[in-house]
Amino acid sequence: MVLYEYPFNESIRTMLRLEHLFDRLGALMGRDTALDHHFALVTLFEILDVASRADLKSDLLKELEKHKAQFNAYRGSPGVDEARLDEVVTRIDGAFQRLNAVSGKTGAALTGNDWLMSIRSRISIPGGTCEFDLPAYYNWQQMLPARRRKDLVGWTQTLMPLAEGLQVLLGLLRDSGTPHKVAATAGQFQQSLPAVRVYQLLRMRIDPSLGLIPEISGHRLMVSIRLMRQDEEGRLKLAPEDSGFELALCQ
């Protein structure tokens, strides 16, 4: 099953983008070629761009604190697994403490590195990191993979509390949704959402053998999914048949 996720607000959209970038960064850092490590740096700079919002760190801290208070309110309730509850609260509290301990704006330690910023200033220019433009960077690319990886790990260290906070929050959000099977009639599915609940994330899984691509749109009161099929020229057209998929709404 192929998983698609759709955020209902800008905050979750930003979190998903950062999670995507952190996953890519981890995959590229684990490889050995200089080209992979070049694109690891590209990804690192993309993370800095997305995380540069002044309120991102404070937003994550507020969300972690809110979740901790919500889970602590369950203590003593019938049917609550206290050991499991302690485990979740400990994870939330640990992520909060480590993120709160990072001083200044996200990535401040990296933006103060003149060598990295010289690469950042040219990396968006087509061919802007050739050896005659950045000889010091070219020299770094000739080093052994272990040395380059050590540098990359050091540069990303200050961003790990942010990655951990995102992982905890998105994990809690995804766990809040209960998957159920639904059907799209003639390629289209719509569902009204109750006004008393505020959903933040839609998750859908669909069988890849159907060859369908979902176009998802929605807001706090309605979600709409159109199942499309790509023609030989790459254009998407509505698939006219009835199809089933799995849907979860997370709040």
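**Contacts in a predicted model**

Visitor: To begin with E241, what is its relative accessible area?
Guide: The relative accessible area of E241 is 29%, so this residue counts as partly exposed. Please note that the structure is a predicted model.

Visitor: Which side chain does E241 meet in a salt bridge?
Guide: E241 meets R229, with an N to O distance of 2.7 Å. R229 belongs to strand β6, whereas E241 sits in the loop between β7 (236-238) and β8, so the contact ties together parts that are twelve residues apart in sequence. R229 is partly exposed as well, at a relative accessible area of 30%.

Visitor: How many salt bridges does the structure hold?
Guide: It holds 22 salt bridges.

Visitor: And R226, which residue is its salt-bridge partner?
Guide: R226 forms a salt bridge with E215, and the closest N and O atoms are 3.4 Å apart. Here E215 is in strand β5 (residues 213-219) and R226 in strand β6 (residues 222-230), eleven residues apart. E215 has a relative accessibility of 33% and is therefore partly exposed. R226, with 31%, is partly exposed too.

Visitor: What about R149, and where does its partner D32 lie?
Guide: The closest N and O atoms of the salt bridge between R149 and D32 are 2.3 Å apart. R149 is part of helix α8 (residues 145-156), and D32 lies in the loop between α1 (10-29) and α2 (34-51). The two residues are 117 residues apart, and the pair links distant parts of the chain.

Visitor: Why do R149 and D32 count as partly exposed?
Guide: Partly exposed covers the range between the buried limit, under 20%, and the exposed limit, over 50%. R149 has a relative accessible area of 23%, so it falls in that range. D32 stands at 44% and therefore falls there as well.

Visitor: Which residues make up a network of salt bridges?
Guide: E5, E19, R174 and R203 are linked in such a network.

Visitor: Changing topic to the aromatics: how many pairs are there?
Guide: The count comes to eight aromatic pairs. One of them is formed by W115 and W140, with 6.1 Å from centre to centre and 65° between the planes, an edge-to-face arrangement. W115 is in helix α6 (residues 114-123) and W140 in helix α7 (residues 135-141), and they are 25 residues apart.

Visitor: Is W140 buried or exposed?
Guide: W140 is buried, because its relative accessibility is 3%. W115 has 28% and therefore counts as partly exposed.

Visitor: How is the pair of F189 and F245 arranged, then?
Guide: The ring centres of F189 and F245 are 5.6 Å apart and the planes stand at 85°, so this pair is edge-to-face. The cut-off for that class is an angle over 60 degrees. The relative accessibility of F189 is 9%, so F189 is buried. F245 is buried too, because its value is 4%.

Visitor: Back to the tryptophans; which residues form a cluster with W115 through ring pairs?
Guide: Ring pairs link W115 with Y137, W140 and W155 into a cluster.

Visitor: You mentioned β8. How many of its residues are buried?
Guide: Six of the eight residues of β8 (residues 243-250) are buried, so the strand is largely enclosed by the rest of the structure.

Visitor: And in which sense do β4 and β8 pair?
Guide: Strand β4 (residues 201-206) pairs with β8 in the antiparallel sense, over five bridges. Within this pairing, L202 has L249 of β8 as its bridge partner. Strand β2 (residues 180-184) is also antiparallel to β8, and five bridges join the two. On that side, A183 stands opposite G244 of β8.

Visitor: Last topic, helix packing. At what angle do α3 and α9 pack?
Guide: Helix α3 (residues 56-72) and helix α9 (residues 160-175) pack at about 45°, and their axes are 10 Å apart. The two helices are therefore oblique to each other.

Visitor: Left-handed or right-handed, that crossing of α3 and α9?
Guide: The crossing of α3 and α9 is left-handed.

How values were computed: Residues numbered from 1 in each chain as written. Predicted model: local features only at pLDDT ≥ 70, side-chain atom pairs only at ≥ 80, totals over all residues. Heavy atoms only, no water. Buried < 20%, exposed > 50% of the residue type's maximum accessible area, 1.4 Å probe, protein only. Helix = DSSP H or I, 4+ residues; strand = E, 2+ residues; numbered from the N terminus. Pairing = 2+ DSSP bridges. Phe/Tyr/Trp six-rings, centres within 6.5 Å; stacked < 30°, edge-to-face > 60°. Salt bridge = Lys/Arg side-chain N within 4 Å of Asp/Glu carboxyl O. Axes fitted to C-alpha atoms, helices over the stretch in contact; angles between N-to-C directions. Parallel < 35°, antiparallel > 145°, perpendicular 65-115°, else oblique. Left-handed = near helix turned anticlockwise from the far one by under 90°.
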